[in-house]
Amino acid sequence: MSERRATTIAPSLVVVNTGHGKGKSTAAFGVMLRSLARGWRVAVIQFIKSDRWKAGEEKIARQLGVDWLKGGDGFTWESPDLDQSRGRAVAAWALAKATIEAGEHKLVILDELTYPINYDWIDGDDVAATIRNRPEHVSIVATGRDAPAALVEAADTVTEMVKVRHAYDRGIRARRGIDY
């Protein structure tokens, strides 16, 4: 494969981190830190994680001025009411769409976005159209397993995380400071 030299500076980018490996959200939060270091206004909208999760990246991000919303109510297999989970995802997408269209944030992270699309809770074509038609200075990072084709097509960069081994598969629970 020949190496190509980049010749264009885009006003914004769309990045999708997908796959069954660990690190999709972690990579997105790395971009968040880079953006903050450049003085950008950043929003994070999480579609699955609930207020019960006390993640280190959220704590520090809020201290640094990130607008952060947890739109979900936890893992679907733990949900006592999937209709309520769906409603929360619909509300989170409405907020995400309004945030993107307002153009007040240079970076919007849509964490675990693929799940409500794949569950048919939110319209994937609407998501892709919103991302394609965003204000030109707004960059997007979307995460989650099994990114739908429309989301992949709307992206400039797509990275698939591949699981080689995961501690959880050997009975090791998530560790504070490493996993959350």
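Predicted model: local features only at pLDDT ≥ 70, side-chain atom pairs only at ≥ 80, totals over all residues.
Figure 1. A search of the whole structure finds three aromatic pairs. One of them joins Tyr 115 and Tyr 119 in a tilted arrangement, with 6.5 Å from centre to centre and 40° between the planes. Tyr 119, at 35% relative accessibility, is classed as partly exposed. Together with Trp 121, Tyr 115 and Tyr 119 make up one aromatic cluster.

Figure 2. Helix H1 comprises the 14 residues 24-37. At 1.5 Å a residue the helix should span 20 Å, and the 21 Å between its end C-alpha atoms agrees with this. The buried residues of H1 are Lys 24, Ser 25, Ala 28, Phe 29, Met 32, Ser 35 and Leu 36. Viewed down the helix axis, the buried residues of H1 fall within an arc of 125°, so they line one face of the helix. On the face turned away from the buried side, H1 carries the exposed residues Thr 26, Arg 34 and Ala 37. Gly 39, which follows H1, has a positive phi near 85°.

**Figure 3. The second largest pocket.** This pocket has a volume of about 310 Å³. Its lining consists of 14 residues, of which Leu 13, Val 31, Ser 35, Trp 40 and Ser 139 are the closest to the pocket centre. Helix H1 and strand S5 (139-143) each contribute at least two residues to the lining of the second largest pocket. Classified by type, the lining contains nine nonpolar, three polar and two charged residues. Ser 35, listed among the residues closest to the centre, is also one of the buried residues of H1.

**Figure 4. Two loop residues with positive phi.** Most residues other than glycine have a negative phi. Glu 112, although not a glycine, has a positive phi of about 65°. Glu 112 is located in the loop between strand S4 (107-111) and helix H4 (114-118). With a relative accessibility of 10%, Glu 112 counts as buried. Asp 146, likewise a residue other than glycine, has a positive phi near 55°. The loop that holds Asp 146 lies between S5 and helix H6 (149-154). Asp 146 is partly exposed, its relative accessible area being 46%.

**Figure 5. Helix H3 and its buried face.** Helix H3 has 21 residues, numbered 82-102. From its first C-alpha to its last, H3 reaches 30 Å, close to the 30 Å expected at 1.5 Å a residue. Buried in H3 are Ser 85, Ala 89, Ala 92, Trp 93, Ala 96, Thr 99 and Ile 100.

**Figure 6. Ala 150 of helix H6 and Asp 126.** Ala 150 belongs to helix H6. With a relative accessible area of 27%, Ala 150 is partly exposed. Ala 150 and Asp 126 are separated by 24 residues in sequence, and their C-alpha atoms lie 9.5 Å apart in space.

Definitions and conventions. Residues numbered from 1 in each chain as written. Heavy atoms only, no water. Phe/Tyr/Trp six-rings, centres within 6.5 Å; stacked < 30°, edge-to-face > 60°. Buried < 20%, exposed > 50% of the residue type's maximum accessible area, 1.4 Å probe, protein only. Helix = DSSP H or I, 4+ residues; strand = E, 2+ residues; numbered from the N terminus. Expected span 1.5 Å × (residues − 1). Arc of directions from axis to C-beta. 1 Å grid on protein atoms, 1.4 Å probe; cavity = no way out; pocket = protein on both sides within 12 Å on 5 of 7 lines; lining within 4 Å. Points joined across faces, edges and corners; volume = space filled by probe spheres on them. Nonpolar A, V, L, I, M, F, W, Y, C, P; charged D, E, K, R; others polar.
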